[in-house]
Amino acid sequence: IAEAGLQHANQVVQQKSCLGPFPLAGSAPVVNGAFAGGSYTAFADRSSGSPVVLTSTGSYKAASVTLTRPNAIVYQSSVQTFTLQPDSFAAKDTYVSPSSPTSNFGGESTLRMSIGSFQPLLQFGLEPLPPGSRPVALYDSGTASLLPGAQLSLYQTQTTIGSGTVAAHLMTRSWTAGTGSGSVGGGATWNTSDGITGWTTPGIGYLPAPLTSMTTPNIVGWQNWNLTDAATTWLAGTTPNHGVWLIGSGLSLGALRYVSADEALNLTRRPKMTMTYLLPCGMAAPQKVGLGTSRDTEIDSSSPNSDRGGNSHMMVSATRIRRALVQFDTSSIPAGSTVASATLRLYADHTSPNPLSSAVTLTVSALITQAWTSDASWANFTGNSGGGSKIWLPTSGGTFRATPATTRIVPAGFAENNWVEFDVSGLVREWVDGVTPNLGVILQSATPNSHELDFATLNNGESSKRPQLIVIYR
């Protein structure tokens, strides 16, 4: 009886939503006496807001029991939608193969699926959503269908042979995606979760009962799985979020390919998770903004006074030292916001050689001390005539932090006309929090070879290729 009172009180509180008024002990508590001699009285410890403590006393004849539910979250009435489509360093995906039990495929731009041959693994971080968020199904009148509270979507690029199904299983342990392309790669394989630690049984790091399954259509396009139940437990903290393991079954399922998070050209086809959810009272929904650069340029050690701020590209190389300067205006992000992630995207419209014959390590460091202008050069942070207070200090080539904000390895085989991304979340948090002045960043090559990468600038004729800063905050 007391538990029924808790359920009733929670129902009333949720119907009232954040502003209340909620039933209180001394003001309209929830009462029900229709229990053939039993009854309950239930109430909240506050009249509005979240969380609340619910208390219910159930009585039957001469006996009574009091139950409490601490930290009961109260939700806002409006339903929110947010799509998680992370980049290659924020997302985790790979596939494993029993025929290549020690090989990692975490660096490939496709996820392969075939019965008995290939099985994809995926994990989405849910950090952009506020703590306590709850996935809910939503009726879409436009399509006359029920939208899941959490929907995994993969873009299928190669169709199957015959019919079959692909089931999503809840993963039971942590794992590493790795960077391999059929090599060691430091990540999950058929035998191991991270290249070292074995699964309990090779090829099995998941619960046997599937969360959901999808019949594979023989078409190119998006395919969807309903992961509402899994996401609900992940967000509630009752189940660790280790992601899902996809397993194919059926008469002749084979040769399926999906786009992975390592896709570097058409970024919109990367794996995504669409969340339909309720926000706890007092919490703000995450926002995603794409910022264009306010200024950028290239500085060249062999031409120390050259102004290249009007060029359509900026080169980064190590042997003939060239560096790129980029700055974004982040003032539109409200002070006090929590930055969940920030990604710097640069479009490589030329590489030398093409494709790269060996890997190139690029670093992104915070520019400090001197506010530069787009006519900066190797010698000067503003203007191109040199001398006086215009010079970079303590040495030419930019004034920046010794420790990079992030490092990115561009792999051998990378070809021009693809995006290169950098995780600058920590640095953008400093800018938004006012810890560090936003003077932009400097991009350098840390690899002593003759390889060169040219990146599109704000002067590029195709606006879609210009530098981008993608920030998710709340």
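The model is predicted: local features need pLDDT of at least 70, side-chain atom pairs count only at pLDDT 80 or more, and totals for chains, interfaces and linings use all residues. Residues are numbered from 1 along each chain as its sequence is written, and side-chain values use heavy atoms, without hydrogens or water.

**Disulfide**

- The structure holds one disulfide (cysteine sulfur atoms within 2.5 Å).
- Cys18 pairs with Cys281, at 2.1 Å from S to S.
- The link of Cys18 and Cys281 is left-handed, with -95° about the S-S bond.
- Distant parts of the chain are linked, 263 residues apart: Cys18 sits in the loop between α1 (2–16) and β1 (30–32), Cys281 in the loop between β18 (272–280) and β19 (287–300).
- Helices (H or I, at least four residues) and strands (E, at least two) are DSSP runs, numbered from the N terminus.
- Cys18 is buried at 16% relative accessible area, and Cys281 is buried at 10% (buried means under 20%, with a 1.4 Å probe and protein chains only).

**Second largest pocket**

- Its volume is about 400 Å³ (the space filled by probe spheres set on grid points, joined across faces, edges and corners).
- A pocket is an open set of points on a 1 Å grid over the protein atoms alone, where a 1.4 Å probe fits, with protein on both sides within 12 Å along at least five of seven lines; lining residues have an atom within 4 Å of a point.
- Of the 22 lining residues, Pro86, Ala90, Pro128, Ser341 and Ile472 are the closest to the centre.
- β5 (75–84), β22 (339–352), α3 (425–433) and β28 (468–473) each give two or more residues to the lining.
- β22 gives the most, with five.
- The lining has 10 nonpolar, six polar and six charged residues (nonpolar: Ala, Val, Leu, Ile, Met, Phe, Trp, Tyr, Cys, Pro; charged: Asp, Glu, Lys, Arg; polar: the others, Gly among them).

Definitions and conventions: Buried means under 20% relative accessible area, exposed over 50%, partly exposed in between (1.4 Å probe, protein chains only).
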